[in-house]
Amino acid sequence: MKTVLSGIRSTGHLHLGNYFGALKNFTQLQHKANCFFFIADLHSLTTHPKPEDNRKNIKIILSEYLASGLDPEQSVLYVQSSVPEISELYALLNMMAYKGELERTASFKDKVRKQPENVNAGLLTYPVLMSADILIHRAQWVPVGKDQEQHLEIARVLARRFNKMYGTPVFPEPQAYNFGEDLVKIPGLDGTGKMGKSEGNGIYLIDDEKTIRKKVMRAVTDSGPTEPNSPMSPGTANLFDLLSVVSEPDVVSFFKEQYDNCTIRYGDLKKQLAEDIARHTLPIKARIEEIYNNESYLKQVVEQGAEKARQSARATMKLVRDAMGINVF
Ligand code: TRP
């Protein structure tokens, strides 16, 4: 069975993009692969150092993961900081990662621009920590978006470099896992790119019905088609993309026909879209709240996850330390 691993930074609530683009697929995947899902709270510290935020955000993501259907019995579900072997491997991999190659990563350059007042070494070595996350379980498949491909490439480079340097094939080279036909595009509501945490264009699993409606009603469209079968503006096309994810096919074709014969009223489309989004997310929202308030359950999940993750991590660290000659006694 293949080992699949995915991490998410704990810096905010999960949105529809996270859910339909990844989590929903993970709930299927956990029956077919050896799955590790974790909350990258150490990575979050590169941008979000406040303790009060951390405590809350870890609980939030964990509750939202569980409410979305990740099953701690089927998968290994854990918090990065509760597996100290990851930090140990991070330290060791840092000795074979070069400053130059890290400085060249797009995400580092981006962060230097965005937070010039806090260009910490954690930002520079972010891809090394991510490599440690992946390599600690010798994972073969990593579902990542475009923005993380460069980091995954660094994980491959470090895996190869380690194996070569110490003359033993400890690490497989992790590959990007692609959901293929199951991969759905979740655009944001502002007529630009995909739905994202930092873009402020998203609908969150935790949003209530009123908020969902308000956000959808405000979504960017255009003044409407004036000729039959005219091409769609990006904003309108995005709404149709969302509709095709959350609504029945006949609903989608109903509005598409109206668009094509220029009778569409975007207000009607938006009302329907908001309703269908809510139909998917409101039951999840209810579960999130229930789980978030069940402190003892969350504690139990985290402890069990750490135990299982550490078992796998310890086995890798034994191989690593043996290969490096740092466990002589
Ligand atoms: N860097 C990833 C992101 O921002 C999160 C992450 C951390 C991750 N470690 C990982 C993803 C390991 C996949 C594998 O989205």
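The C-alpha centres of domain 1 and domain 2 lie 34 Å apart. The bounds come from an automatic or database domain assignment: domain 1 is 3–184 + 294–324, and domain 2 is 209–289. Eight residues from domain 1 and eight residues from domain 2 make the contact, meaning heavy atoms within 4.5 Å.

A caveat on sources: this is a predicted model, where local features need pLDDT of at least 70 and side-chain atom pairs count only at pLDDT 80 or more, while totals for chains, interfaces and linings use all residues. Residues are numbered from 1 along each chain as its sequence is written, and side-chain values use heavy atoms, with hydrogens and water left out.

Back to the interface. About 720 Å² is buried between the two domains, and carbon and sulfur atoms give 82% of that. Buried area here is the accessible area (1.4 Å probe) that two parts lose on being put together, summed over both. On the domain 1 side, Leu 16, Phe 20 and Ala 67 lose the most, together 64% of what that side buries.

Now the ligand. Which element gives the most to the shell around the ligand? That is α8, with four residues. Helices (H or I, at least four residues) and strands (E, at least two) are DSSP runs, numbered from the N terminus. β1 (3–9), β2 (34–40) and α8 (126–135) each supply at least two shell residues.

Next, polar contacts, pairs of N or O atoms within 3.5 Å. Polar side-chain atoms reach ligand nitrogen atoms at 2.7 Å from Tyr 126, 2.7 Å from Asp 133 and 2.9 Å from Gln 148. The protein buries 90% of the 370 Å² that the ligand exposes when taken alone, by the Shrake-Rupley method with a 1.4 Å probe.

Notes
Polar contact = N/O pair within 3.5 Å; in protein donor to acceptor, adjacent residues only side chain to side chain.
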